[in-house]
Amino acid sequence: MERWDRVGRRAAYGAALALLPYLLIKVSWVVGSLMGLLPVGHGFGRAEWVVLNTVTVGMAAIGIASALALVRPWGMRIPGAPVAFCAWVGSGFLVSILPFGVLGALLDAGGGSAGGAADPDDPAMPVWEGVLVQFGFLGMGLGLAFAVPAYLRRRWPEAFAGRVGDGPRTALPWAAVVGAAVGLCWLYWAAGGTVGITHPAERVTDWHLLGAVSGFWALACSAAVAVITRTRPARLPRVVPLVFGWVGSGSLFAWSGWKLPVTLYLAWADRAGPLPPENLTVAVVLHLCAVVAGATMLRTLVRSHRRRDGS
C-alpha cells in the first residue's frame with residue numbers, strides 16, 4: 001500500500017509538470033493573437049480563437065492545481081468534493097483518451113487532434129509545439145491514472161474495500177441505459193455508419209478512433225454501474241467496476257460537456273469554416289444525453305457506496 005502511495009504521489013507531480021508546457025503555449029497563443037504577433041487557427045476569427053484558448057488556459061490551470069491537490073498536504077484539508085470532482089473531470093478528459101494515444105501512435109494517426117475541438121489541426125503550429133501539446137495530454141493522463149486512485153484510497157479507503165455482492169441490490173439506473181445507447185451510436189459512426197452523418201468527407205482517421213474510444217468508455221461505465229447496482233458477479237472485487245465507472249462516466253461528462261457548447265455555437269453561428277461530420281442537431285442531443293448520463297452514473301456510484309455502509 002505504501003509503495004503504491006509513493007507511486008501515486010510521484011505521478012501527481014509528474015502530471016502537473018507534464019501539463020505546464022501546454023499551459024504556457026496556450027498563454028502565448030492568447031497574448032500573441034491579441035498583440036497581432038501570432039496567427040489565429042485555421043477557420044477561426046480572432047475573437048473565437050482568443051476565447052477558445054482562454055478557456056483552455058483556465059482548464060489547464062485547474063488541472064495543474066488539481067494534480068497538486070492530489071499530493072500536497074493541503075489537498076487533504078480542503079473539502080473532498082471539489083477535489084474529487086476536478087479529478088473526475090480530469091480523468092474523464094485525459095485518462096480516457098490514453099487508448100487513443102496508443103492507437104494513434106500505432107497507426108501514425110495521432111499527431112494533432114487528441115484534443116479535438118480544443119486544439120484544431122493548425123498548419124501554422126510548429127512541430128515542437130505539437131509534440132509538447134501531445135506530451136502534456138498523455139503525461140497528464142498517465143499521471144492521473146496513478147495519482148487519482150492513490151488520493152481516493154488515502155481519503156476514502158472504505159470505498160474500495162469489499163466485493164460487489166456486499167451491497168444491496170437495486171434496479172438498473174436509467175442513466176446506464178442512456179449511456180449505453182450513446183456509446184452504441186458513437187461506435188456505429190466509428191465503424192463507418194452513415195445515418196446521422198451530414199459531412200462524410202470530414203471523417204478522418206482520428207475522428208473514427210476517438211469515436212471508438214468514446215463509445216468503449218460509454219459502454220464500459222454503463223456495464224460497471226449495472227454490475228454494482230445488480231451486485232453480479234457477487235465475488236468481483238469492488239474496485240474493478242469502480243475504475244471503469246469512474247473513468248467512463250467522467251469521459252461522458254467531460255468530453256460531451258466540452259463539445260456541447262461548441263456544437264451549439266456552430267449550429268447558431270452558421271459559420272463557413274470546417275464542421276464536424278455528424279449532424280449538429282443529432283450531435284447536440286447525444287452530447288446532452290452523455291452529460292446527464294455521466295453525472296447521474298457518478299451519483300449512482302457514490303450512493304451505492306453509502307448504501308453499502310448503511311450511511
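A: Helices and strands are DSSP runs, numbered from the N terminus, with at least four residues (H or I) for a helix and at least two (E) for a strand. This is a predicted model, in which local features need pLDDT of at least 70 and side-chain atom pairs count only at pLDDT 80 or more, while totals for chains, interfaces and linings use all residues. Residues are numbered from 1 along each chain as its sequence is written, and side-chain values use heavy atoms, with hydrogens and water left out.

Q: How many helices and strands does the chain have?
A: The chain has ten helices and zero strands, so its elements read α-α-α-α-α-α-α-α-α-α from the N terminus on.

Q: What percentage of the 311 residues counts as buried?
A: Relative accessible area decides this: under 20% is buried, over 50% exposed, and partly exposed lies in between (1.4 Å probe, protein chains only). Here 47% of the 311 residues are buried.

Q: Is Ser-256 buried or exposed?
A: Ser-256 sits in helix 9 (residues 239-269), and it is buried because its relative accessible area is 2%. A contact means heavy atoms within 4.5 Å. Leaving aside neighbours within four places in sequence, Ser-256 touches Trp-186, Ser-251, His-287, Ala-290 and Val-291.

Q: And Leu-34, buried or exposed?
A: Leu-34, in helix 1 (residues 2-34), has a relative accessible area of 58%, so it counts as exposed.

Q: Where is Pro-200?
A: Look in the loop between helix 7 (174-190) and helix 8 (205-230). Pro-200 is partly exposed because its relative accessibility is 45%. Pro-277 is 77 residues away from Pro-200 in sequence, yet their C-alpha atoms are 5.6 Å apart.

Q: How is empty space found?
A: A probe the size of a water molecule, rolled over the atoms, shows where empty space is left. A pocket is an open set of points on a 1 Å grid over the protein atoms alone, where a 1.4 Å probe fits, with protein on both sides within 12 Å along at least five of seven lines; lining residues have an atom within 4 Å of a point.

Q: What is the volume of the second largest pocket?
A: About 1,100 Å³, where volume is the space filled by probe spheres set on the points, which are joined across faces, edges and corners. Of its 36 lining residues, Val-148, Pro-149, Leu-152, Phe-160 and Trp-246 are the closest to the centre.

Q: Which helix gives the largest share of that lining?
A: Helix 6, with eight residues. At least two residues each come from helix 1, helix 4 (80-95), helix 6 (127-155), helix 9 and helix 10 (280-309).
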